[in-house]
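Visitor: I would like a close look at a single part of this structure. Please take me through it step by step.

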Amino acid sequence: MKVYDASTIRNVAIVGHSGAGKTQLVTAMLFDAGMVNRLGKVDDGTTITDFDEEEVTRKHTLSSSVAFAEWKKTKINLIDTPGIGNFLSDTRAAMRVADAAVIVVDAVAGVEVQTEKVWEIAQDLGLPCLVVLNLLDRERASLDRSLASLREAFGRTIVPIQLPIGTEKDFHGCVDLVAMTSATFAADDSGNVTLGNIPPELNDAATTARETLIEMVAEADDELMEQFFSSGTLTQEELERGLRSATLSRQMCPLVCTSAQSNVGVQNLLDAVCTYLPSAADRPLAAIDRKSGEPVTCDARDDAPYAAFVWKTIADPFAGRITLFRVAAGTITADSSVYNITKDAAERLGSLAIMQGKTQHSVPHVKAGDLGAVPKLKETQTGDTLTDKSSNVVFAPIAFAEPVLSYAIEPKSRGDEEKISSSLQRLQEEDPTLRYTRDAQTKQLLLAGQGQVHIEVTVAKLKRRFSVEVNLKLPRIPYRETITVSTEAHGRHKKQTGGHGQFGDCKIRVEPLARGEDFAFANELFGGSIPRQFVPAVEKGIHEEREKGYLAGYPMVDFRVTLYDGQYHSVDSNEMSFRMAGRLAFKDAMSKARPTLLEPIMNVEVYAPSDFAGDLMGDLNGRRGRIGGMETRGASTLIRAQVPMAEMLTYEQLLTSATGGRGSYHMEFSHYDEVPSHLHGKIIAAARAERGEEVETED
Ligand SMILES: Nc1nc2c(ncn2[C@@H]2O[C@H](COP(=O)(O)OP(=O)(O)OP(=O)(O)O)[C@@H](O)[C@H]2O)c(=O)[nH]1
Ligand SMILES: [Mg+2]
C-alpha cells in the first residue's frame, strides 16, 4: 500500500436521504477503482460498507463505515453514512472528519428531508459539497425537476457540470460540460467506458449549460471575471481551476449524474472528487485552543507533533473495541504510545490499520490527513483527542443527539438482566445516542434512543451479537412534573423509641424555575437552626422525593428549593431524621405548589408531494401540533411543526399510508411544555396502572 500525503488524500462523507443509493455508489466506486473485483449489490447483501448482518438484512446503512479507493494517484477515503433519520448523529460524526460532503440525491424524488439535514450540517461545518444525482435510470427520474427542487432548497449555487445521456432505462452516459466530451458506459454494469464527442442532439443543451457554468465560475472570482469580459469565455483550464476554488469556498456546488446500480457515470464522479473537492491539506481540521477556548485550526503537516481525533468506536464482538480516528497533524505509528488528553491517560497502540469496509489493512503508520483504526484501546472513547501531553490543541467533542423515545424492555429468559446491562454498555460505546436505565420505581429496564427503528435495531444487535433476547414493551413518554406556584412548607420527623429518639425539622420554600433549568437547592439557614452537617441530608431527602415525582411518578424538574429554617435536638437528631424531614417537607410543599405535568415537544419536519400538504397539516393539527411554516421544494412541500411526542408515536404509519410511501419526516426533541389539564387524568391513571398501583377513582 502506497503512502499518501495529505495533498493526495480526499476524505469524503457520502451523505443523503435513505435509499438515494449511497452504499451502492460507494461499492461501484470501489469496483471501478479496482479495489474489489466484483460489483457488489445492496440487494444481494454484497456491498463493502454495509457489512453488519443487520445492515444486510434491512438493506440500510445503520452505522458509518470507511473504505478507500486509489484513483489516479489519489487516495479517496469514502465514509458511507446512514440516511435514516434515527442515525443522523452518526452521519454528523462522519462529516466532522471529512473534508467534503458528497450529497447523493434521488433523481426521482429530488430533495428529501434528510437531504436538507445533511446540507445544514455541511453548512455548519463549512464543508464543500458535491451533489450526485443518482438513480437516473429509474422511471420518472429527471435532472430538470431535481435541479428545481435542489435550487429551491439550497439556492442557485448548485450547478450541473454534466448532462445525462439518455433518460430513464436508457440513461447510459454523461456529457462533461467542462471538457465538452462524452462518456458512455456498457450496458452490463462493467463500467467499460467509451469516450467521445457530445451526441449531436445534446449539443445545444450542452452549450447553454456550459455558458451558465462559466458565468457562475466567473462571478465567483474577480480575475476570472475580467478574463471572461475580455475574451467572452474561459479556457478549460481556467474553468477547472475556477470551479475548484468556488467549490472549496462553498460559492458553488457542482452536480454530477450517475446510476450506481448500472455503473454509469461513477468514474466521472471519481474524477470530480479528485478535481473539484479539497484535499486533506486544503482543509485544516477545526480545533480548540485549550487555554483560551478559542477556535483554531490544525494544519495537516507530517512534521508537526501528532494530533488525532477519535470520531467513532466499533464494538466488535470478536475483535473487541476498534477505535477510528483521523490524524489531523503529525504521524501516528504502530507499536507506540500515545496520550489521550481528553481522558488524561496514556494508551499503548498495537497494530494500526486502514479500513476497507470490515477488513482491516495493517499499516505501519497513519499520516496527517488520513483516516486510521486501532483495536483494543482501553480508555479512549468517541470524541477524544490523542495528542502530546503538552499540546495546546484539542478537538471539540461530538454533539450526540439526546434520546427521543424510550421503551421498556423485558428479558425473555429470567436472569438475563446482567447480560443485558453488559451488552448494552458495549453497544453504548459505539452508539452514544443510546441510553439504558432502570426505572427507580417500577424496576423496569428502559431503553432510550432516537426512534423506533433505532430501538429495534439495538434489540436485534443484542440478539445477534450478544445472544440475549428481550421483549419490547410499549414506548414510554418521558413525562416530567413541575410546580406552578411558590410556597413554603414544613417537615418534621419525630420518633420516640425507647432509648434514642429521632428528631429532624426543616422549613423550605419552593419556587418555579424557567423551563429546562432542572433543579436548584439553596441554603439560607442562619443562626445554626440546623447544624451544617445535616443540610446535605435534607437535600438528599428532597432529591429522593423529587425523583419519585408527586402526581404520576415522573421526576420533578424546573424548581428551586430553599432551606431557610428548622430545629434540631442535641441528642436525637441525626442524618436519617433530617432526610426524613426533607422528604416530609417536600411532600408538604407539593400539596400546595399546584404541581403539573410536562411533556416532551418535538420539532417535526415533514416532506411530501405538495398534493398531500393540506391533509398532512390537518393531521398534525389533530395531533395537537403547531405548524411553524411551510415551504415548497419543487413538487414537494416541507412542513415544519412542533408536536407533543405522545401524539407522534403512530406517525410513521400514517405518513406512509397517507402519501403512498412518498412522504418522509424527521423528528428531534425540542423542549418540555405543560400538558393540557384535560389530559392529566389519563396520563396519571396510565402511569399508576403501569406501576401496578390501585387506580383511585374520584367520587
Ligand atoms: N435503479 C437503481 N437502483 C439503485 C441505484 N442506486 C441504488 N439503487 C438501489 O436502491 C436501493 C437503495 O440503495 P442504497 O445504496 O442502499 O441506498 P442508501 O442511500 O445507502 O440508503 P441508506 O443506507 O438507507 O441510507 C437498493 O435497492 C439499491 O440497489 C441506481 O442508480 N439505480
Ligand atoms: Mg446505505
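This is a predicted model: local features need pLDDT of at least 70, side-chain atom pairs count only at pLDDT 80 or more; totals for chains, interfaces and linings use all residues.

Guide: A backbone N or O atom of A260 lies 2.9 Å from an oxygen atom of ligand 1. Side chains take part as well: a polar side-chain atom of T23 is 2.9 Å from an oxygen atom of the ligand, and an N or O atom in the side chain of Q261 is 3.0 Å from an oxygen atom of ligand 1. On its own, ligand 1 has 640 Å² of accessible area, and the protein covers 91% of that.

Now step back to the surrounding shell. Ligand 1 is surrounded by 21 residues, and the closest are S18, D43, H60, T61 and D137. By type, the shell divides into 12 polar, 5 nonpolar and 4 charged residues. What is the largest share of the shell that comes from helix α1? Helix α1, which spans residues 22–32, supplies 3 residues, and this is the largest share.

To sum up the contacts, oxygen atoms of ligand 1 have a backbone N or O atom of A260 at 2.9 Å, a polar side-chain atom of T23 at 2.9 Å, and a side-chain N or O atom of Q261 at 3.0 Å.

Definitions and conventions: Residues are numbered from 1 along each chain as its sequence is written. Chains are lettered from A and ligands numbered from 1 in the order in which they are written. Side-chain values use heavy atoms; hydrogens and water are left out. A residue is near a molecule or strand if one of its heavy atoms lies within 4 Å of it. A polar contact is a pair of N or O atoms within 3.5 Å; within protein, one must be able to donate a hydrogen and the other to accept it, and residues adjacent in sequence count only if both atoms are side-chain atoms. Accessible areas come from the Shrake-Rupley method with a 1.4 Å probe; for residues, only the protein chains shown count as cover. Helices (H or I, at least four residues) and strands (E, at least two) are DSSP runs, numbered from the N terminus. Ala, Val, Leu, Ile, Met, Phe, Trp, Tyr, Cys and Pro count as nonpolar, Asp, Glu, Lys and Arg as charged, and the others, Gly among them, as polar.
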